[in-house]
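Me: I would like to go through this model and ask, term by term, what each label rests on.

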2 protein chains.
Amino acid sequence: MNRFDTETRLTEGADGSLHGHVHSAWNIGANPNGGYLLTLALAALQRTAPQHPDPLSVTVHYLRPGIADQPCELDARILRTGRTMSTGRVTLRQAGEVRLEVMAALGDLSAHAEPVLSLPMPAIPPLQDCVSRADSGQGLELPILDRLDIRLHPEEARAGAAGSARVSGWIRLRDGREPDALASVLFADAFPPSVFGLLGVVGWVPTIELTVHLRRRPAPGWMLGSFQTHDLAGGRLIEDGALWDSTGHLVLQCRQLALVRQAERKS
Amino acid sequence: MNRFDTETRLTEGADGSLHGHVHSAWNIGANPNGGYLLTLALAALQRTAPQHPDPLSVTVHYLRPGIADQPCELDARILRTGRTMSTGRVTLRQAGEVRLEVMAALGDLSAHAEPVLSLPMPAIPPLQDCVSRADSGQGLELPILDRLDIRLHPEEARAGAAGSARVSGWIRLRDGREPDALASVLFADAFPPSVFGLLGVVGWVPTIELTVHLRRRPAPGWMLGSFQTHDLAGGRLIEDGALWDSTGHLVLQCRQLALVRQAERKS
């Protein structure tokens, strides 16, 4: 079994409650990565709606940081199940306090529909010309890079270098486990914050809320992510992103509201 | 008292429960407009966190259509309150069934921050050159136009005419009540679906999930909305939108996942 599956595995208590363990291997600095915590929550929801395995629309609010190397409890409930879709919510708790509150619509993306409209995959340099996120000078310890292999566009790979709030690059699980819908959601929150190309070293940019729309199950291979901030005011930014699979198909769109404390300017 | 405030007014039961009434004046066809139902839910949440009056991030899942001319029950609870923000959720029920499930982060947007980055307001023709939504040939009865005055860009105002999935125009409450944060959220779901410019008459496009990010309280006057669908596949679309106030400042961004049954093409 690979690390992603092992480290997002849930166990069921005698009373039906679901439990996981937050592994510090997925940390950004001292905090568990938000995307990783979200996959734990979604794994719980998937168990409650097995006929609708794919998250179509996921929104998470991060109420408190997760705690690395500690267990977590998942409280998942389905609010409605229809023919093509189930809607549910999950609460992830650690040390008795709510960390994540998640709402999601789940469906089945096994049938690929030919898109009428889609976002074209941007052209970025091939893998061998990209720069590891480990060398991006983000001013944070990144244990998560032992789990994720992230190669950034060479012109966007260093803090402050791009001159714009954009970051793109290639991503996969380091142990070769192929991407699926759940891993794609993790990838949506694994790149450096796109403002770092504009503002330089910004430290940890805590996500308030993240919404991911899954459009297709990814094909095997590296995925390409592209993220951009068009809207930054009052110390809060809205970052838009998308991920494509190795066949060039759009897999997801995402958007997050996050805090950037350095960027605050009151008028 | 104006109609928007009157028709989103809540009453509190002896047990602290909150109740409203879904007025058919806000219908799209036979169904209450989703944005209107959302304002009822948000009004309930605002009561529970009076120190944080402005919705910063709102996500709603529409589980079942609302029922016009019927009461609704609101179950609002705050999950966490911090110094600058509260996070909560609300369930809107009618006839004993969940219709809307809402999650939101609330804060205070009374201090206007000078944006570091923002979305520029698009140039569209002045009000007198725009076309009432009533004349847009959308193939639906639109009682809501007795409450909302919506004037569409003349090149995007008729089903199928634009040749692209874009719609923009001016909007305000018809009785002259000035916009605020809550009315802006309603405006985010009040324009014709932007695919109607590409696909022609599409009928009702039911929203599965809508997320709105409020960036600023609007100034008095007409607001400008612009909406576009870049992603349509498998009978589901993702529509991006934004609203600006009469001073040209960005007030909100929004994105929704919705169903378009005609557009389905299986491969």
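**Terms and their grounds**

Reply: In chain A, 52% of the 267 residues are buried. The model is predicted, and the values below are computed from it.

Me: How do you know that chain A is as compact as a globular protein of its length?

Reply: The globule rule gives 18 Å for 267 residues, and the radius of gyration of chain A is 18 Å, so chain A is as compact as a globular protein of that length. Along the principal axes, its C-alpha atoms fill a box of roughly 50 × 45 × 40 Å. Chain A has 4 helices and 15 strands. Of its contacts with a separation of 6 or more, 70% join residues 24 or more positions apart.

Me: Why is β15(A) called largely enclosed?

Reply: Because 9 of the 10 residues of β15(A) are buried, the rest of the structure largely encloses the strand.

Me: What makes β12(A) and β14(A) partners of β15(A)?

Reply: Two strands pair if there are at least two bridges between them. β12(A) and β15(A) have 7 bridges, in the antiparallel sense. Strand β14 (residues 236-244) of chain A and β15(A) have 9, also antiparallel. Both pairs therefore meet the cut-off of at least two bridges. L252(A) in β15(A) is the bridge partner of L214(A), and L252(A) is also the bridge partner of L243(A).

Me: Which residue takes a positive phi in the hairpin of β14(A) and β15(A)?

Reply: G248(A) does, with phi near 85°; the hairpin has 5 residues between the strands.

Me: How do you know that the span of α2(B) agrees with its number of residues?

Reply: At 1.5 Å a residue, the 15 residues of helix α2 (residues 34-48) of chain B should span 21 Å, and the end C-alpha atoms are 22 Å apart, which agrees. In chain A, helix α2 (residues 34-48) likewise reaches 22 Å from its first C-alpha to its last, close to the expected 21 Å.

Me: Why is α2(B) called largely enclosed?

Reply: Of the 15 residues of α2(B), 12 are buried, so the helix is largely enclosed by the rest of the structure. Among them are Y36(B), L37(B), L38(B) and Q46(B). α2(A) is mostly covered, with 12 of its 15 residues buried; these include G34(A), G35(A), T39(A) and L45(A).

Me: What makes up the contact between chain A and chain B?

Reply: Residues are in contact if their C-beta atoms lie within 7 Å. The contact takes 44 residues from chain A and 43 residues from chain B. Several strands of chain A each supply at least two residues of the side that touches chain B, including β5 (54-62), β8 (97-107) and β13 (223-233). β13(A) gives the most, with 5 residues. By class, that side of chain A has 20 nonpolar, 13 polar and 11 charged residues.

Definitions and conventions: Residues numbered from 1 in each chain as written. Chains lettered and ligands numbered in written order. Predicted model: local features only at pLDDT ≥ 70, side-chain atom pairs only at ≥ 80, totals over all residues. Contact = placed C-beta atoms within 7 Å. Nonpolar A, V, L, I, M, F, W, Y, C, P; charged D, E, K, R; others polar. Rg over C-alpha atoms; globule rule 2.2 N^0.38 Å. Buried ≥ 20, exposed ≤ 12 C-beta atoms within 10 Å, placed from the backbone. Expected span 1.5 Å × (residues − 1).
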